[in-house]
Amino acid sequence: MTTHTSRVFSGIQPTGNLHLGNYLGAITKWVALQESHECLFCVVDLHAITVWQDPAELVRNTREVTAAVIAAGIDPKKHIVFNQSQVSGHAELAWIFNCVARMGWLSRMTQFKEKAGKHRENASVGLFAYPNLMAADILLYKATHVPVGDDQKQHLELSRDIAQKFNSDFAASVAALDLAADFFPLPEPLIAGPATRIMSLRDGRAKMSKSDPSDMTRINMMDDANTIARKFQKARTDPEPLPSSEAGLEGRPEADNLVGIYAALAGHAKAEVLSEFGGSQFSAFKKALTEIAVERVAPVAAETKRLMDDPGQIDAILVDGAARARAIADPVLRSVKQVVGLIQD
Ligand code: TYM
């Protein structure tokens, strides 16, 4: 077995406001991992255009998501922050993976089925091939660890399948070129903690999502304190007080979600939160939840706004990040092309 250098890669779409699900499910984990790993964080604009994006909005959203990631604590000097379309290797490797992945694998992707809905014939080809581009994002850097929310698990399994099939299809070529066996690492998903799947505030069985038509279903990272308070106040709950143990959350998805959000914000386990709030009414718990959410969200929103006042500075960060990303990607792509037989030497 080849040992691959440990490297973190993760991505986020510039498709509008970041919400608490993105923040707790992914970005806070990125912030923690940057202490111990070499990391690349990518604003995936090529993924965004798999569904219609207004061009001017896309430019703005790319900058705003970049600003938010930095405002949340990512250091773009120590780590690489860039947008996907600036590094053409993502699209090139994705094409090669389009020829490795099988139609059947992609047809099983639940996110495609959800996003395409009933009008599958009208979905873009890009939306169908989306997971291949995601595999390319990760494997272009031979990344070994990928921190994501639970909704990306199936896509990561597909990335592993693609890596494995590539390694085995081209094993002879890899050996003939005297390259290390196991050409691509099998990237490991990092999905852990109380916030891997933050749910809608209006329906404990639906994921908190940017694409939900109702803004009341999510806490956006740019929401002000009053809006956060109103959204939690109106969040759906059930008539019972909070239970004292996790077992009592079973069959109570809305309660479970709010407790999970509190736990993630406080950096505690759900059990600890319940030992403090067990027996409380939701009205009291929602006040405490609002307080802790505002405490965490307000500084990120303020810093994002401050950074957005200087778009040139954000663009400079992305240009610098892309150059550093290319320096890692170029030799990998070159050897992929040799392995596949697209270039001779
Ligand atoms: P995206 O932009 O939908 O979401 C960014 C990150 O936020 C997580 N997330 C959530 N976590 C918990 N609860 C939620 N309700 C919630 N909603 C979103 C997502 O799991 C994700 O980690 N395909 C990816 C972007 C991507 C990528 C990659 C990720 C492209 N290439 C390579 C990792 C590696 C996406 O659409 O994320």
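**Strand 2 and the overall fold**

In this predicted model, strand 2 (residues 39-43) is largely enclosed by the rest of the structure, because five of its five residues are buried. Buried here means under 20% relative accessible area. The side chains of strand 2 are divided between two directions: C39, F41 and V43 point one way, whereas L40 and C42 point the other way. Residues on both sides of strand 2 are buried. In a regular strand, side chains alternate between the two faces of the sheet.

Strand 2 is paired with strand 1 (residues 8-12). The two strands run parallel and are joined by five bridges. Within this pairing, I12 lies opposite V43 of strand 2.

The chain as a whole contains 14 helices and five strands. Its radius of gyration is 21 Å, which agrees with the value near 20 Å that a compact globule of 345 residues would have. Along the principal axes, the C-alpha trace extends over about 70 × 45 × 45 Å. Of the contacts in the chain with a separation of 6 or more, 78% are between residues 24 or more positions apart.

Buried residues account for 50% of the 345 residues.

Key: Residues are numbered from 1 along each chain as its sequence is written. This is a predicted model: local features need pLDDT of at least 70, side-chain atom pairs count only at pLDDT 80 or more; totals for chains, interfaces and linings use all residues. Side-chain values use heavy atoms; hydrogens and water are left out. Helices (H or I, at least four residues) and strands (E, at least two) are DSSP runs, numbered from the N terminus. The radius of gyration is taken over C-alpha atoms; the globule rule is 2.2 Å times the number of residues to the power 0.38. Buried means under 20% relative accessible area, exposed over 50%, partly exposed in between (1.4 Å probe, protein chains only). Contact means heavy atoms within 4.5 Å. Two strands pair if DSSP finds at least two bridges between them.
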